[in-house]
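Please open the model in a viewer with residue selection at hand. The stops below can be taken in order.

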2 protein chains.
Amino acid sequence: MSVETLKRKAYAIIQTKLLDGELRAGDVVSEQALADEIGISRTPIREAIGQLQIEGLFDKKPRSGTVVRLPDQQELCDLYDVREALESHAAGKAAPLLVRDDFNALASLHKEFKDLARELKARRLEYLDEAMLHRFFSADVSFHLLIVRAAHNARALQIISEFRVIQRVFEYERMAHGPRLVENAVAQHGAILAALKSGDGEAAHDAMAAHIRGSKEYAMQSFERRPRGTLDIKERPALPPDVALHLENMRVKNLVKN
Amino acid sequence: MSVETLKRKAYAIIQTKLLDGELRAGDVVSEQALADEIGISRTPIREAIGQLQIEGLFDKKPRSGTVVRLPDQQELCDLYDVREALESHAAGKAAPLLVRDDFNALASLHKEFKDLARELKARRLEYLDEAMLHRFFSADVSFHLLIVRAAHNARALQIISEFRVIQRVFEYERMAHGPRLVENAVAQHGAILAALKSGDGEAAHDAMAAHIRGSKEYAMQSFERRPRGTLDIKERPALPPDVALHLENMRVKNLVKN
DNA sequence: CCTTTGAATTTAGCATACTATCTGGTATAC
DNA sequence: GTATACCAGATAGTATGCTAAATTCAAAGG
């Protein structure tokens, strides 16, 4: 593969800051400041930030500043839908392809959820503390990516991997991480694992879809108290300009004909 | 939204070159040459090329050159799988959301396929000529994106839109565009449209999935004569480094325990 | 004729310089 | 006291300069 370029280095550093919560939603980032901190020039920083912006992590106002973007409800909803489609598809494909090592790893991760649930109960905590939160996130991401990887689809894996960062930013910011979340994780990941073990692709597909729909609903609760009507008028996303043009031409042509 | 920046301009120009077949697989692109041609400096060109590389359209060898990438069989296969998952999901969601205008547009596009099939037969051509090819591609892309847009998922639309470019590069390069392709398009798009008209999400989902699987098989024929064994040892794609590390730690911990 | 080698050229990665624009604060006018 | 106009600083967009690496090609050697 390619050499380790400064752009990659910068990208990795910034992504880590996001994953660790060192950079949180709303924080402003300055190209110059980052460049000084890492000890390189602005150029590779710019390229890294550019990529992260494309991935939806930064909001960039020209000549003004760049801030860490907090995904809104619509965006998060979209993201979970894409995950549902891709990951359930992947789970179905992965079912017959998993090997012993995979099951061992998945079982370990499942056990991690159970440990966390037990610990939470034993310590009578209302929410996961920072350390537990980190364990929870790591296990969750690993569980899902392991399955997607087994489906042998690099593109899908890349897309899902990308999502994990933006989702993490959101989770740091808004989600309540109480016992219900952990208990759901235990039950639903357990169901997925069981379906995979039985080698039943369709069951794995459905279990994964159900789990992600559940996670979505859980995440959506963070928005419950929002002003009504903000989202009811869902605007359709815009088509690429050339496609929009093609459709418009076709519409006009038809109007003329009639 | 953002101002029209030179980066965007450069991106649009290069993408258009790819879509129009002006840049084809294997062609080398030089930052300097493009900069001179467009009349701007290398910097925004670099950023645009960088984005297109992330999207999988360019292969960039450090300090050597950038070439238009021809997706290999594995990659194309992955891409169709992602499309199958996302677009069938989208079709299911879109079914109850389509409005009259959408059906009009979809019907026009379907008619375009029928026209092409008739024309092909009338002129006794073995393959679509350049102009017909262009009409075919445009109609196909529009048909699919229209449906995805109706599902109200900006992220999914973005992903699928991105794919169309890489797919186009491949189609220009390798695919045979004969009557069977067009007839399949007529039949399968017809089936999708019918399912959507009936408002039956599940039927639309299945019709879309079947269509994309069909397209995939058609595309895969371009590789039939390839050296055997090249793809049988499918390597698993790599996990992001932090996730791989987490799994490794967990594995080691378990080994120690036992 | 083929191979090797090395210099010239081209390439992209990175650093730096410049500028239009935005932001925030302050002073001034009312 | 409030609002406005303006100035200073900061920011990202873009241009340019520099360098290391890779490619190319021709000349030298076999």
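## Crossed helices between the chains

α6(A) and α10(B) are roughly perpendicular to each other. This is a predicted model. To see the crossing, select α6(A) together with helix α10 of chain B, residues 241-257. The two helices pack at an angle of about 100°, and their axes are 10 Å apart; an angle of 65 to 115 degrees counts as roughly perpendicular, which is why that term applies here.

Next, show the side chains at the crossing. From α6(A), pick A:S138, A:V141, A:S142, A:L145 and A:L146. From α10(B), pick B:V243, B:H246 and B:L247. By class, this contact has five nonpolar and three polar residues, with no charged ones.

## B:A85

Go to helix α4 of chain B, residues 73-94, and select B:A85. Is B:A85 buried or exposed? B:A85 has 25 other C-beta atoms within 10 Å; the cut-off for buried is 20 or more, so B:A85 is buried.

Which residues is B:A85 in contact with, once its neighbours within four places in sequence are left aside? They are A:A85, A:L86 and A:H89. Within chain B, draw a distance from B:A85 to B:A209: the C-alpha atoms are separated by 7.5 Å, although the two residues are 124 residues apart along the chain.

## A helix pair inside chain B

Stay in chain B and select α1(B) with helix α7, residues 154-174. Their axes come within 8 Å and cross at roughly 40°, which makes α1(B) oblique to α7(B). On α1(B), the contact is made by B:Q15, B:L18 and B:L19; on α7(B), by B:V165, B:R168 and B:V169. The residues of this contact divide into four nonpolar, one polar and one charged.

## The two DNA strands

Select DNA strand C and the 19 residues around it. Those that come nearest are A:L6, A:S41, A:T43, A:S64 and B:E31. The elements that give two or more residues to this surface are α1 (6-19) and α3 of chain A, together with α2 (31-38) and β3 (65-68) of chain B. α3(A) gives the most, with three residues. By class, the surface near DNA strand C has four nonpolar, eight polar and seven charged residues.

Now switch to DNA strand D, which has 19 residues around it. At least two residues each are supplied by α2 (31-38) and β3 (65-68) of chain A, along with α1 (6-19) and α3 (42-54) of chain B. α3(B) gives the most to the surface near DNA strand D, with three residues. This surface divides into four nonpolar, eight polar and seven charged residues.

## A:H189

Return to chain A and select A:H189 in helix α8, residues 179-197. With 23 other C-beta atoms within 10 Å, A:H189 is buried. Not counting residues up to four places away in sequence, A:H189 touches A:H110, A:F113 and A:F143. For a distance check, take A:D200: the C-alpha atoms of A:H189 and A:D200 are 15 Å apart, with the residues eleven apart in sequence.

## Chain A as a whole

Finally, zoom out and display chain A as a cartoon. Its secondary structure comes to ten helices and three strands, and from the N terminus on the elements run α-β-α-α-β-β-α-α-α-α-α-α-α. The C-alpha trace spans about 65 × 60 × 50 Å along its principal axes. Of the 258 residues in chain A, 39% are buried. Among contacts in chain A with a separation of 6 or more, 75% are between residues 24 or more positions apart.

Then colour by pLDDT. Chain A averages 92, and 95% of the residues score at least 70. Confidence in chain A is highest in helix α3 (residues 42-54), at 97, and lowest in helix α10 (residues 241-257), at a mean of 91.

Definitions and conventions. Residues numbered from 1 in each chain as written. Chains lettered and ligands numbered in written order. Predicted model: local features only at pLDDT ≥ 70, side-chain atom pairs only at ≥ 80, totals over all residues. Near = placed C-beta within 6 Å. Helix = DSSP H or I, 4+ residues; strand = E, 2+ residues; numbered from the N terminus. Nonpolar A, V, L, I, M, F, W, Y, C, P; charged D, E, K, R; others polar. Axes fitted to C-alpha atoms, helices over the stretch in contact; angles between N-to-C directions. Parallel < 35°, antiparallel > 145°, perpendicular 65-115°, else oblique. Contact = placed C-beta atoms within 7 Å. pLDDT = per-residue confidence, 0-100. Buried ≥ 20, exposed ≤ 12 C-beta atoms within 10 Å, placed from the backbone.
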